Amino acid sequence: MKTNFKKTDSTQYKKYTEYNEVKNDSSELTQKEFEEFIIKSGAKGSFMVYRTEKKEEELGLDEL
Amino acid sequence: MSNNSTSFQNKMDESMKKIHTQTFDNWIQNFAINLENIWNESSAKELESENNQKQKNNSAIIIGRGPSIKKHKHLELLAQSNYKGSVICTDGSLIGALKAGITPEKFPKFYVVTIDPYQIIDKFYDDPVVRKFGSKINGIFSTITHPKVVSLARNAGIKIHWLHTLFDYNEGQKSFNHISAMMVRAKNHVNGLPAIQTGGNAGTSSWFVAWRILKNNPVALIGINHGWEEDEDVSEMIKSHQREVTKDNIEIIKKDNPKYKNYFKKIHNPDFNCEAIVDPLYQFYRMALLEFISRSPSWLTTINATEGGSIFGKRIKPMKFVDFLTNYHR
């Protein structure tokens with residue numbers, strides 16, 4: 001499947017840091033707490049993030 | 001950046017995949033029912049601007065429905081402007097935008113984006129104002145959108161354009177993304193359809209649609225808070241996820257809940273010098289959008305004109321919306 005946009009060096013990306021920006025006194029959410037919250041409050045109206053080892057593909061495909 | 005943050009994002013990705021694939025059978029059913037229409041209707045690829053427009057002044061505004069949209073009267077500002085670029089509504093913002101006077105008659109390059117596979121979002125298309133302007137709206141829908149949602153949009157006159165939403169293509173030839181793509185290619189769409197990263201929500205999907213499919217640049221965001229205002233009732237944030245606050249889930253928003261501070265993070269936005277309250281779902285959305293903006297092609301400029309919320313960081317240019325409209329009115 002082809003892509004025709006200008007490529008960036010996406011192997012150099014970093015997932016975005018979060019907790020350095022948090023101001024209130026809180027600890028990291030556990031995976032269990034995260035899932036519990038999502039199921040109770042927000043499972044509808046959302047979707048998953050596509051992940052693959054082919055990082056460029058994570059930005060989409062012109063034609064599939 | 002700490003390894004803990006990366007690890008947390010990985011865990012959120014894993015959890016969201018697990019939660020959402022519980023409804024995988026419904027997605028297949030949606031696709032199966034949609035297939036005849038997919039064959040007979042347009043690919044989102046047809047909306048692509050002339051290739052030579054890329055990197056030129058071909059801007060877009062993505063409209064979300066975060067709290068800053070009301071706070072800063074952004075819909076009114078846009079409605080009164082002479083903006084000539086693309087207006088891309090997330091499905092949840094469509095009715096509000098149309099009612100505010102942001103119509104396809106005034107803004108001919110008008111689009112709406114739906115990616116969710118759930119019937120619950122049919123409310124976004126079930127309004128007289130959608131039926132009034134539908135025939136001049138370009139709709140962009142995932143092939144796994146609930147057929148009743150697409151049907152409402154189609155019956156309102158919206159021209160349907162299809163695309164795939166990526167979720168399991170990494171699993172190869174036996175993936176649903178691959179198999180459904182081959183089925184789409186079997187008739188009429190011999191070259192297939194565009195396939196987008198959703199980032200988990202219609203706002204991030206719209207950002208991808210803008211630069212990947214419509215070839216817009218720059219792409220401005222309004223109402224894409226990915227968080228909530230500090231002085232707003234957090235129950236409004238729950239409602240923004242298509243869920244009503246009920247006696248079953250109300251305990252998660254009680255301030256005496258020991259997990260409250262873990263659930264609802266306060267993030268300082270240095271670009272707009274404000275605070276945003278971010279629940280776990282918005283944390284998930286936020287981290288993904290920030291990551292993808294930072295990884296986007298170098299020719300693309302992303303302007304955050306939301307004037308609030310939690311979106312700031314690498315490759316994001318903050319700007320007041322009124323300044324965006326002045327500088328990029330074409």
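Biologist: In which loop of chain B is B:D271 placed?

Modeller: In this predicted model, local features need pLDDT of at least 70, side-chain atom pairs count only at pLDDT 80 or more, and totals for chains, interfaces and linings use all residues. Residues are numbered from 1 along each chain as its sequence is written, while chains are lettered from A and ligands numbered from 1 in the order in which they are written. Strands (E, at least two residues) and helices (H or I, at least four) are DSSP runs numbered from the N terminus. B:D271 lies in the loop between strand 10 (265-269) and strand 11 (274-278).

Biologist: Is B:D271 buried, exposed or partly exposed?

Modeller: A residue is buried with 20 or more other C-beta atoms within 10 Å of its own, exposed with 12 or fewer, and partly exposed in between, C-beta atoms being placed from the backbone. Because B:D271 has 17 such atoms within 10 Å, the residue is partly exposed.

Biologist: Which residues does B:D271 touch, not counting those up to four places away in sequence?

Modeller: Contact requires C-beta atoms, placed from the backbone, within 7 Å. By that criterion, the residues touched by B:D271 are B:N304, B:F312 and B:P318.

Biologist: What is the mean pLDDT of chain B?

Modeller: The pLDDT is the predictor's confidence in each residue, from 0 to 100. In chain B, 92% of residues reach 70 or more, and the mean is 90.

Biologist: What percentage of the residues of chain B count as buried?

Modeller: Chain B contains 13 helices and 13 strands. Of its 330 residues, the buried share is 51%.

How values were computed
Two residues are in contact if their C-beta atoms, placed from the backbone, lie within 7 Å.
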